[in-house]
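Welcome! Try each one before reading its solution.

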Amino acid sequence: CRVFNQDETAIEHGVGNQSVLTMKGEKQTYSVSSSTREHTTVSYTVNAAGGMVQPWVVFPGVRDIAKKKMKLPENGKSGKWCYSYTDNGWVKQSTYIHIVNDLIDYITKNHIKLPVILIIDGATCHLSLEMARLCQKYGIQPILLRPNTTHLTQALDLTFFASLKAGLKEAQELWHRDPANIGCSLSKYQVVTLVHKVTEC
């Protein structure tokens, strides 16, 4: 419970590549679904005992209207989700301070013995003087993964995100197959609702 791992992943609003079932010899096949390059970032912090700090969702944009749009359940395994926004939808240094503060709250609430280890990649958005001071003050030892090695060493990438993306792809396809959603595109808020559902499974 004292070993934490944090990472974020981009959630595409479209379903991406998918298979289509058709008659043999058919020259033209169609699959009507949304396809977009837009994404929303979700940050997860978990520990080796299976505990999860409340996730952070970072929307692209310039206005913080997610609190009005999103009504996710707060009594699940992942707790109350937090929302933020940046111009490009990626985590920035100011956002990461919130993520570290949530980790501190989780450690305090669950009476986890200090110091703790926080395994992260060395992206510039994770590193700042304020973040270093917070970690030093509250007994958090960051361990930075070497650049270009996270596809082999980042535990969330190797296990959690693979399962999350597989479950999300299935949930998106089911959403598009619903007759009520024919011709509709998934909004960034609907995508996060599906991500929450898959996370809780």
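Contact here means heavy atoms within 4.5 Å. This is a predicted model, in which local features need pLDDT of at least 70, side-chain atom pairs count only at pLDDT 80 or more, and totals for chains, interfaces and linings use all residues. Residues are numbered from 1 along each chain as its sequence is written, and side-chain values use heavy atoms, with hydrogens and water left out.

**Exercise 1.** Describe the surroundings of Asn5.

*Solution.* Start with the secondary structure: Asn5 belongs to strand β1, residues 3-12. (Strands are DSSP runs of E of at least two residues and helices are runs of H or I of at least four, numbered from the N terminus.) Next, check accessibility: with a relative accessible area of 8%, Asn5 is buried. (Buried means under 20% relative accessible area, exposed over 50% and partly exposed in between, using a 1.4 Å probe and protein chains only.) Then list the contacts, leaving aside neighbours within four places in sequence: Tyr44, Thr45, Val46, Ile119, Gln154, Ala155 and Leu156. Finally, look for polar contacts. (These are pairs of N or O atoms within 3.5 Å; within protein, one must be able to donate a hydrogen and the other to accept it, and residues adjacent in sequence count only if both atoms are side-chain atoms.) The side chains of Asn5 and Gln154 are joined by one of 2.7 Å, and the Asn5 side chain also reaches the backbone nitrogen of Leu156 at 3.2 Å.

**Exercise 2.** How many disulfides are there, and why does Cys1 form no such bond?

*Solution.* Apply the cut-off, a pair of cysteine sulfur atoms within 2.5 Å: the count is zero. For Cys1, the closest cysteine sulfur is that of Cys135, and because it lies 17 Å away, it is too far for a bond. As for accessibility, Cys1 is partly exposed at 48%, while Cys201 is exposed at 75%.

**Exercise 3.** Place Gln190 in the fold.

*Solution.* First, Gln190 sits in helix α6, residues 188-200. Its relative accessibility is 33%, so Gln190 is partly exposed. Beyond neighbours within four places in sequence, Gln190 is in contact with Trp175 and Ser185. Lastly, compare sequence and space: Gln190 and Lys69 are 121 residues apart in sequence, with 9.7 Å between their C-alpha atoms.
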